[in-house]
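Subject: Structure handover

Hello,

Here is the structure to look through. My notes follow below it.

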Amino acid sequence: TEYETILATVEGRVATITLNRPKALNAISNQLTQEVIDAAVRYDRDEDIGAIIITGSEKAFAAGADIKEMATLSFAEAYTADIFGIWERFTALRTPIISAVAGHALGGGCELAMMADIILAADNAKFGQPEIKLGIIPGMGGSQRLTRAIGKSKAMEMVLTGRTMGAEEAERAGLVARVVPVADLQREAAELAATIAGMSKPIAMLAKEAVNAAFESSLAEGVLLERRLNYACFATEDQSEGMAAFVEKRPATFTHC
Ligand code: HXC
């Protein structure tokens with residue numbers, strides 16, 4: 001591929017973006033940021049892609065934003081370029097995204113994992129927001145997404161002390177959907193992604209939009225949006241096919257899949 005810091009591969013309807021700066025434990029450099037977003041945006045627009053996996057190595061999902069690049073940054077440079085604002089292009093994607101996390105997911109790495117829709121964790125995963133030890137605070141959504149995921153007290157403890165959380169604790173706290181043995185992580189992620197990619201893509205996008213509304217709206221507004229999106233499903237061939245297949249006791253063959 002044309003990428004230097006990631007691998008971008010497609011198998012069936014599943015695209016996988018693998019962070020690939022092994023010598024820097026997949027630290028999120030400017031180049032890696034550009035490449036992840038470029039690949040993810042392309043896959044998102046491709047109707048033949050039904051789910052995207054973002055992953056790293058067995059040792060590190062990503063050990064954070066690239067500290068060596070940030071070390072001499074000034075406020076004026078950071079603010080003017082809005083260096084982390086570009087990630088809004090990633091969080092605006094509508095295709096379901098799974099983070100498959102093994103090893104270190106620290107700082108920006110934990111934040112990137114949390115930008116996905118589902119986190120699948122290997123048993124050796126370690127999540128943390130250690131920014132405070134570097135004299136900064138999270139900048140890619142960590143203080144917000146971690147707090148929504150695990151609650152105020154635990155998020156405060158992690159953000160204020162920089163301590164890491166293992167996979168078991170992360171599952172108990174509701175940060176991750178499931179923990180699997182590290183040797184099985186890629187296979188489990190591929191199976192999960194293939195299951196999602198086997199659904200109607202527009203319907204999966206509506207489902208993602210509805211769940212995400214739980215974070216952005218009041219309960220009443222969220223429930224209203226869900227109901228409207230649900231009604232919209234009835235305008236699709238895939239609803240007709242899904243329900244006909246159930247009634248006829250056969251597997252569904254979706255058009256948009
Ligand atoms: C740049 C990094 C890096 C990072 C590791 N490396 N993390 N380089 N940025 N975030 C580099 C190391 O410098 C080293 O390169 C190589 O990767 C291997 O790392 P080691 O420390 O030798 O490995 P190990 O002893 O196994 O320790 C692993 C580790 C440790 C515990 C994950 O590397 C670590 O604490 N990293 C920093 C974690 C962190 O603070 N993350 C938050 C970053 S701030 P060399 O060339 O020296 O061998 C952040 C800000 C987010 O993310 C705010 C908005 C984005």
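Does Asn26 count as buried or exposed? At 2% relative accessibility, Asn26 counts as buried. Buried means under 20% relative accessible area, exposed means over 50%, and partly exposed lies in between (1.4 Å probe, protein chains only).

Some ground rules before the rest. This is a predicted model, in which local features need pLDDT of at least 70, side-chain atom pairs count only at pLDDT 80 or more, and totals for chains, interfaces and linings use all residues. Residues are numbered from 1 along each chain as its sequence is written, and side-chain values use heavy atoms, with hydrogens and water left out. Helices (H or I, at least four residues) and strands (E, at least two) are DSSP runs, numbered from the N terminus.

**The loop with Asn26**

Asn26 sits in the loop between E2 and H1. Its phi is positive, about 60°, although Asn26 is not a glycine. Leu25 lies in the loop between strand E2 (14–19) and helix H1 (30–45). Leu25 is not a glycine either, yet has a positive phi of about 50°. Why note this? Most residues other than glycine have a negative phi. Leu25 is partly exposed, with a relative accessible area of 26%.

Contact means heavy atoms within 4.5 Å. His104 is in strand E6 (residues 104–106). It is partly exposed, at 27% relative accessible area. The C-alpha atoms of His104 and Asn124 are 8.3 Å apart, and the two residues are 20 residues apart along the chain.

Ile54 lies in strand E3 (residues 51–55). With a relative accessible area of 1%, Ile54 is buried. Leaving out residues up to four places away in sequence, its contacts include Ile17, Leu19, Val36, Phe61, Phe90 and Leu112. Val101 is 47 residues from Ile54 along the chain, and their C-alpha atoms are separated by 8.4 Å.

**Aromatic pairs**

How many aromatic pairs does the structure hold? There are 2. Rings of Phe, Tyr and Trp (its six-membered ring) pair if their centres lie within 6.5 Å; planes under 30 degrees apart count as stacked, over 60 as edge-to-face and the rest as tilted.

The rings of Phe75 and Tyr79 have centres 5.4 Å apart and planes at 25°, so this pair is stacked. Both residues lie in helix H3 (residues 75–81), 4 residues apart, about one turn of the helix. Both Phe75 and Tyr79 are exposed.

Trp87 and Phe90 form an edge-to-face pair, at 5.7 Å centre to centre and 80° between the planes. Trp87 counts as buried at 3% relative accessibility. Phe90 counts as buried at 2%.

**Helix H6**

Which residues are buried in helix H6 (residues 142–150)? Among them are Gly142, Leu146 and Ile150. These residues cover an arc of only 20° around the axis, which puts them on the same side of H6. The arc is that of the directions from the helix axis to the C-beta atoms. The buried residues of H6 pack against helix H5 (108–115), helix H7 (152–161), strand E9 (164–166) and helix H8 (167–173). Gly151 follows H6, with a positive phi near 90°.

Helix H10 (residues 201–216) and helix H11 (residues 219–233) pack at about 175°, with their axes 9 Å apart. Axes are lines fitted to C-alpha atoms, for helices over the stretch in contact, and angles run from 0 to 180 degrees between N-to-C directions. H10 and H11 are therefore roughly antiparallel. Angles under 35 degrees count as roughly parallel, over 145 as roughly antiparallel, 65 to 115 as roughly perpendicular and the rest as oblique.

Ile203, Leu206, Glu209, Ala210 and Ala213 in H10 meet Leu225, Leu229 and Cys233 in H11. By class, this contact has 7 nonpolar, no polar and 1 charged residues. Ala, Val, Leu, Ile, Met, Phe, Trp, Tyr, Cys and Pro count as nonpolar, Asp, Glu, Lys and Arg as charged, and the others, Gly among them, as polar.

Gln239 is in helix H12 (residues 237–247). Beyond its neighbours within four places in sequence, Gln239 is in contact with Cys233 and Phe234. Gln239 counts as buried, at 17% relative accessibility.

Best wishes
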